[in-house]
Each structure stands twice: as C-alpha cells, then as structure tokens.
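Please open the structure in a viewer and keep the selection tool at hand.

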Amino acid sequence: MYVEAADGKVLLAQAAAQPVHPASVSKVPTTLALLRKLGPEHRFVTTFATSGQVIDGALQGDLLVEGGGDPSLVDEDALLVADRLLELGISKVAGNLRLRGTLTFDWQNDADGSRLRRALSGSISPGALATVRAWELENPAGSAPNPGSLKPQGIRFEPVVTPPGSDSVKPQATGLLKERLLIIHRSQPLLALAKSLNDYSNNIFKPLADEAGGAASVETLARSVVPAAMRGEITLGDGAGTDPMNRLSPRVTVNLLRALDKELHATGHALFDILPVAGIDEGTLRHRLDGPDEAGRVVGKTGTFGDYGASALVGAISTTDQGTVYFAILNHGVPVPEARRRQDRFVRALLAHLHSVPWNYQRDVRPAIARAEVLKAP
C-alpha cells in the first residue's frame, strides 16, 4: 500500500514498489490514455445509410451501418434509431442490414450486426423500452409518432430473394444510385461514457483501449508520466485488467491517479467526473464506505480478479489540511472478501485520521440516452 498527500509527502508505504496484478485498476492508465488522445468531449459516431429508395414506407435496399468504435450501443439506442427511421417514413427494409467496420452492441462483439438488427426490429428488453418511452414523454420534440406506446415500433427486415436464374439486380448493386446518409448516432461524451464503464468496472474497456492505440501505447504513456525509477513497475498486456501479465505497484498507481487528476483539471474536471464515488454512484463502490461519515468522501477504483489472487482499492480523499490524499491498496494472494474487508477498514482509518470532507459532487441521474444524440441526416 501507499498513501501520499497533495504536496508529495509520503504518509504511509508498505511494499510500495512491489508490482502485483492490479485487476481492473489497469483501467486507470487506459482512462488517462483515452483522455489524452480523444479529449473528454469526444463522441463515437455510428451512421446508418442506404443507396436504396423509399417507396410506400419500404426501403428498397440494404440498411448500411458504419461502426465507429462506440462501446456503449445498447437496446435503448437501437430503439431511438428505429424511431427516427419511422419518422423518415421507413417502417420496412426490403433488404438486409450490412455492417462496415466493427460493432459492439449490448456489451458484446456484434460481428455481423445480427444483435443490432434484432433490436431495430423491436426485440428489446422491457426495461429498455420503458426507459426510452419515459424519456420521450419528457422530451417530446422529435420523438416517434406515439412516444407513450408500450410497444416497440420496430423496423421489419424482409430481404429480397432473387429466384435462381433471374436476371434482376438489386438497385444498390448497380452502382447507379448514390449512397445517402439517414441517421447519425453520436455516443455520450467520452467523460460520461468512461465514468459509467469505470463505475461498473465493465471490461468493454479491453477493446476500447484500441482507441487509445492499444495496450502497448497505454503502457508507454503510463511510463512517461511517472518518475524514471518507477517505470519498470508498469506492465500492461491489456487495458482492462484481464491479462495475466498486467502489473502495477502501489506507488506507481498513485502517480497514475495524480496524472489522471491533473489531466482532468486541465479541462475543468475532477476525478469524480470519471471514477466512482463510494456510497453514491451505482456500481462497484455503491455499497462500500457508505456510512454516514463516509459516503461521498472517497473517489476511487476497485479491482478484482480472484483467479489471479488480485483485489485492489485505489483512490483519493479530499482533506482540509493536506489537500487531496491519494492511496493505493493492492492485495495479492488474499481471498477477495477478506481483502475487501481489510481495504475498507484501512480507508476508514484514513478517514478518521485525516480532516476529510465530502467531494463537491452531484450524481447525474439521467439515463445514458439523454446524453447521446440520435440525429436525422440533414
């Protein structure tokens, strides 16, 4: 473990230079790399286009989907896209969904777009449907014709089957019709997106690290922001924490937290804008350090990988006398329940010893769709 005050004073150190598997604490350097490369306001763009014509509510041709690296497309987004297609007068696709690029949907790789197609067709969870319809009722501008409906108004896909020996050719295959953009989906800003993934410690961070240049680039950046003597204490085989070769030491983790904090402050943000706040944010820290004198005082990141004997809690505490106090506890070879008990007990001791104050933080309770954008092409 390692604890450091805002002025760099070491408050506690135990095996602080020992690299161990950090589990999902590996997401901290990945988060830093993403902010450095893309910026907090970056949005991932997914487009929907066609080279067919719309005749009597039917799109005569394929729906062309261009994936843009968005890791957060889910049922709610698909329903909003379907609603916008309906507003364009498209209720049926006399063709198929064709995917260009890579696509992640409902937190899984959707290599052929089949999951997205099912969702566009109306096969979505009741919870997703209720969330979208409630949001549309509160924000009626540009909503579907019947936003209060509790039934999904999906798009029917009816691929055209050409009889054997037929000379007929699909219009979009002739190359004579120009492709036109229909719908543009823009994800919520990276800052909010990364926070939601960090809150729940979602391992979709692994492919998301590719947007930052891949694990090797994340490792290079991480080593560049710590003192030279600590660079050998960073090894990253992936950006999420699942690779067995990942290693961080407690003191290097605190340095990475400080670098992330500095990066955020440069754009007017804080650690709590991208990492969970204990006792307040839903996810891995919702029910930890949530007592009356604890909730809202710790912003941090958990890490758990029992197969590797890894359990971690790292974070920051705001104090009135020593500024921001950063800490890292990286357990190795301790059963996860016992490791978490020790971590929480230690942080409670820190809170009792320090003149801590709650972070000036208010959780954003809006659904993710309220921060994303689904636009009809101009």
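The model is predicted, so local features need pLDDT of at least 70 and side-chain atom pairs count only at pLDDT 80 or more, while totals for chains, interfaces and linings use all residues. Residues are numbered from 1 along each chain as its sequence is written, and side-chain values use heavy atoms, with hydrogens and water left out.

Begin by selecting residues 45–50, strand E3, together with residues 63–66, strand E6. Helices (H or I, at least four residues) and strands (E, at least two) are DSSP runs, numbered from the N terminus. E3 and E6 run antiparallel and are joined by three bridges; two strands pair if DSSP finds at least two bridges between them. Within this pair, Ala49 stands opposite Leu64 of E6.

Val65 has Leu99 in E8 as its bridge partner.

**Asp62**

Next, select Asp62, in the loop between strand E5 (58–60) and E6. Is Asp62 buried or exposed? Its relative accessibility is 8%, so Asp62 counts as buried; buried means under 20% relative accessible area, exposed over 50%, and partly exposed in between (1.4 Å probe, protein chains only). The side chain of Asp62 makes a polar contact of 2.8 Å with the side chain of Arg98. A polar contact is a pair of N or O atoms within 3.5 Å; within protein, one must be able to donate a hydrogen and the other to accept it, and residues adjacent in sequence count only if both atoms are side-chain atoms. A polar atom of the Asp62 side chain also lies 2.7 Å from the backbone nitrogen of Asn96.

Move to Asp56, in the loop between strand E4 (53–55) and E5. Although not a glycine, Asp56 has a positive phi of about 50°. Most residues other than glycine have a negative phi. Asp56 counts as exposed because its relative accessibility is 80%.

Then select Ser201, between helix H5 (190–200) and helix H6 (205–208). Ser201 has a positive phi of about 55°, and counts as buried because its relative accessibility is 15%.

**Lys301**

Finally, select Lys301 in strand E15, residues 298–305. Its side chain is joined to that of Ser201 by a polar contact of 2.8 Å. Lys301 is buried yet has no salt bridge (a side-chain nitrogen of Lys or Arg within 4 Å of a carboxyl oxygen of Asp or Glu). The nearest side chain of opposite charge, Asp199, is 8.3 Å away; Lys and Arg count as positive and Asp and Glu as negative, with His and the chain ends not counted.
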